[in-house]
Amino acid sequence: MNREIVIFSCLTIHVSRLQIREFLCVFAQPLRSLREIIFFVNERELFLKHIAQTSPSPLAFEITKAEGCLLYDIKGKEYIDLIGGISVANIGHRHPKVIEAIKQQLDAYMHVMVYGEFIESPQVQYAKLLADNLPASLNSVYFTNSGAEAIEGSMKLAKRITNKTQIIAFKNSYHGSTQGALSIIGDEYWRNSFRPLLPDVLHLEYNSFESLNEISERTACVITETVQAEGGIIVPSKEWMQALRKKCLGTGTLLILDEIQAGFGRTGKLWGFENFEIIPDVLILGKALGGGLPLGAFIADKKLMDAFTENPVLGHITTFGGHPVCCAAGIAAMRVLLEEKIIDSIKAKEELFRSLLVHKKITKIRSFGLWMAIEFDSFETNKKIIDACINLGVMTDWFLFAPKSLRISPPLIISEEQIKKVCNIILQACNNL
Ligand SMILES: Cc1ncc(COP(=O)(O)O)c(C=O)c1O
């Protein structure tokens with residue numbers, strides 16, 4: 001096939017101008033083989049045609065390799081990853097110990113039975129590792145496939161334990177896309193088209209003492225992110241968190257903390273709630289929990305969790321939840337995090353970012369550990385800076401409920417040198433506006 005035919009076939013499959021530009025960019029590189037070029041065009045087109053889309057303008061990067069803190073695209077271009085798969089790759093992409101653990105588990109067994117029936121060593125060992133590193137009351141782990149499923153399970157547990165129905169959540173919170181999780185996310189724009197959703201859900205102002213008055217004897221649970229992630233790193237006061245804990249205790253309400261993004265060291269402590277000196281009744285984990293593979297969990301006292309064993313029996317079940325390969329990967333990742341004392345470096349890295357990111361275009365920085373929202377005057381400014389960063393080799397994006405803010409949520413292993421490089425690039429992008 002010659003060059004003209006390739007271009008012609010590219011045009012006839014309705015590619016956008018952007019795609020053609022990217023195609024030509026790849027094609028212009030003399031070392032690319034024709035096979036590679038055709039593959040590139042096809043994959044992109046197939047992605048748009050056959051992968052269910054979630055927005056009219058997906059990022060559509062074709063990543064061919066990820067390692068540590070770096071991503072590589074189909075053109076061989078390297079990016080420092082400030083997204084980390086949205087707080088997933090806490091110990092970096094493809095850590096060798098995680099890969100080894102996955103291989104070992106693959107050699108033993110993959111799926112053998114639905115969740116909770118057989119004794120599967122990776123699940124048992126991971127539950128023990130988590131419990132050993134949590135307060136004594138968080139000792140029983142229910143593994144799920146995703147964060148949203150863990151949210152669903154926790155809401156069911158709260159209703160079952162308390163015999164109450166009201167669920168309280170907070171404005172600007174994100175908890176997942178399934179119907180129960182969607183019912184409690186704190187933004188009407190995302191909920192409205194899918195009504196009816198769960199009844200008896202109340203959304204309150206986050207970090208407001210006044211809002212705590214709404215929690216009453218009829219509230220089954222309060223679900224909150226320990227630190228609001230997609231709201232743009234909104235950190236509540238310690239006093240408020242402690243008042244919330246107290247109010248829940250006083251009203252017989254379960255306090256459920258969503259640490260799907262806050263967990264596994266991102267805030268500078270292993271668990272986000274440690275920063276506030278409180279202990280939730282139920283802790284929800286996901287994202288980094290699986291070391292790069294899909295895994296979620298809700299964790300509570302066994303006395304509470306046992307409610308799922310009766311009336312009805314099998315009160316919450318899943319086929320693949322706690323998949324042995326995902327648990328094996330998760331154990332390996334958590335061991336690396338703890339043994340290599342990665343968390344000890346977080347506060348210094350946060351400080352380094354903050355000290356370097358000084359520019360008149362930056363209107364505010366909100367941060368909590370290696371988790372930062374760099375705010376600009378508008379979404380348009382933010383978008384231009386994000387696009388420029390990506391062009392210059394830094395992968396970032398914005399937050400769901402904070403479109404004016406650029407996301408810094410890198411693998412926790414990001415080096416000082418990489419932080420300096422990233423900051424230079426962000427400042428360069430600001431200067432070039
Ligand atoms: C704070 C928080 N909770 C829950 C979820 C839902 O997790 P999942 O996408 O694994 O269902 C997310 C996902 O981004 C999240 O950030």
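Visitor: How many residues of strand β15 are buried?

Guide: This is a predicted model. In it, 5 of the 7 residues of β15 (residues 402-408) are buried, so the strand is largely enclosed by the rest of the structure.

Visitor: Which strands are joined to β15 by bridges?

Guide: Strand β12 (residues 372-375) runs antiparallel to β15, with 4 bridges between them. With 2 residues between them, β14 and β15 form a hairpin.

Visitor: Where do nonpolar side chains tend to be in soluble globular proteins?

Guide: They tend to be buried together. Here, the largest nonpolar core has 120 residues, and those touching the most other members include Tyr-126, Leu-130, Phe-264 and Trp-271. Helix α12 (residues 324-339) gives this core its largest share, 10 residues.

Visitor: What does Leu-130 touch?

Guide: Leaving aside residues up to four places away in sequence, its contacts include Val-141, Phe-143, Leu-285, Ile-299 and Met-334.

Visitor: Which residues of helix α6 are buried?

Guide: Pro-122, Gln-123, Tyr-126, Ala-127, Leu-129 and Leu-130 are. They lie on the same side of α6, because they cover an arc of only 160° around the axis. Among the elements covering them are α5 (96-108), β4 (140-144) and α12.

Visitor: What span should the 12 residues of α6 have?

Guide: At 1.5 Å a residue, α6 (residues 121-132) should span 16 Å, and this agrees with its end C-alpha atoms, which are 16 Å apart.

Technical notes: Residues numbered from 1 in each chain as written. Predicted model: local features only at pLDDT ≥ 70, side-chain atom pairs only at ≥ 80, totals over all residues. Heavy atoms only, no water. Core = buried A, V, L, I, M, F, W, Y, C linked by side-chain atoms within 4.5 Å. Buried < 20%, exposed > 50% of the residue type's maximum accessible area, 1.4 Å probe, protein only. Contact = heavy atoms within 4.5 Å. Expected span 1.5 Å × (residues − 1). Arc of directions from axis to C-beta. Pairing = 2+ DSSP bridges.
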